[in-house]
Amino acid sequence: MLTVSVCVGSSCHLKGAYAVIKELQRLIEEFSLREKIELKACFCLGQCQQGVSVMVNDRIYTGLTKENTAEFFHRHLLKEGQGRQ
Ligand code: FES
């Protein structure tokens, strides 16, 4: 299981964290990965200047937007998610 935590702290919230979550939910659904990827909201990951911030297991990624979420998903989540039990 891949755990994906999207920061919804105030800075990331203002930068569109909920739009990122919605887009990730849509993609997880589209690729039938609900059993493989756990999507969560979390609070401040300490990268407020570069939000929206996302933690995938223990790695932090920054700079997510609604527009680049699909690219992020394909690059960092899809393959790994499909390989997980
Ligand atoms: S509010 Fe998101 S990293 Fe601080």
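**Exercise 1.** How many residues does helix α2 have, and how far does it reach from its first C-alpha to its last?

Before the solution, some ground rules. This is a predicted model, where local features need pLDDT of at least 70 and side-chain atom pairs count only at pLDDT 80 or more, while totals for chains, interfaces and linings use all residues. Residues are numbered from 1 along each chain as its sequence is written, and side-chain values use heavy atoms, with hydrogens and water left out.

*Solution.* 
- Step 1: α2 covers residues 17-30, which makes 14 residues. Helices are DSSP runs of H or I with at least four residues, strands are runs of E with at least two, and both are numbered from the N terminus.
- Step 2: from first C-alpha to last, α2 reaches 20 Å, close to the 20 Å expected at 1.5 Å a residue. The expected span is 1.5 Å times one less than the number of residues.
- Step 3: just after α2, serine 32 takes a positive phi of about 50°.

**Exercise 2.** Which residues of α2 are buried, and what do they pack against?

*Solution.* 
- Step 1: set the cut-offs. Buried means under 20% relative accessible area, exposed means over 50%, and partly exposed is in between (1.4 Å probe, protein chains only).
- Step 2: Ala17, Val20, Ile21, Glu23, Leu24, Leu27 and Ile28 are the buried residues of α2. They sit on the same side of α2, because they cover an arc of only 165° around the axis. That arc is taken over the directions from the helix axis to the C-beta atoms.
- Step 3: recall the helix geometry. With 3.6 residues a turn in an α-helix, residues three or four places apart point the same way.
- Step 4: look for the partners. The buried residues of α2 pack against β1 (2-7), α1 (10-14), β2 (37-42) and α3 (69-83), with contact meaning heavy atoms within 4.5 Å.

**Exercise 3.** Find the aromatic pairs: how many does the structure hold?

*Solution.* 
- Step 1: apply the rule. Rings of Phe, Tyr and Trp (its six-membered ring) pair if their centres lie within 6.5 Å; planes under 30 degrees apart are stacked, over 60 edge-to-face, and the rest tilted.
- Step 2: the structure holds two such pairs. Phenylalanine 31 and phenylalanine 73 make a tilted one, 5.5 Å centre to centre with 40° between the planes. This pair links distant parts of the chain, 42 residues apart: phenylalanine 31 is in the loop between α2 and β2, and phenylalanine 73 is in helix α3.
- Step 3: Phenylalanine 31 is partly exposed at 27% relative accessible area, whereas phenylalanine 73 is buried at 0%.
- Step 4: tyrosine 61 and phenylalanine 72 form an edge-to-face pair, 5.2 Å centre to centre with 75° between the planes. Tyrosine 61 lies in strand β4 (residues 59-61) and phenylalanine 72 in helix α3, so the pair ties together parts 11 residues apart in sequence. Both residues, tyrosine 61 and phenylalanine 72, are buried.

**Exercise 4.** Is leucine 78 buried or exposed, and which residues does leucine 78 touch?

*Solution.* 
- Step 1: leucine 78 has its place in helix α3 and counts as buried, at 12% relative accessibility.
- Step 2: leaving out residues up to four places away in sequence, leucine 78 touches Phe31, Leu33 and Phe73.

**Exercise 5.** How many disulfides does a search of the whole structure find?

*Solution.* 
- Step 1: a disulfide is a pair of cysteine sulfur atoms within 2.5 Å.
- Step 2: the search finds zero. Cysteine 7 counts as buried at 2% relative accessibility, and cysteine 12 is buried at 2% too.
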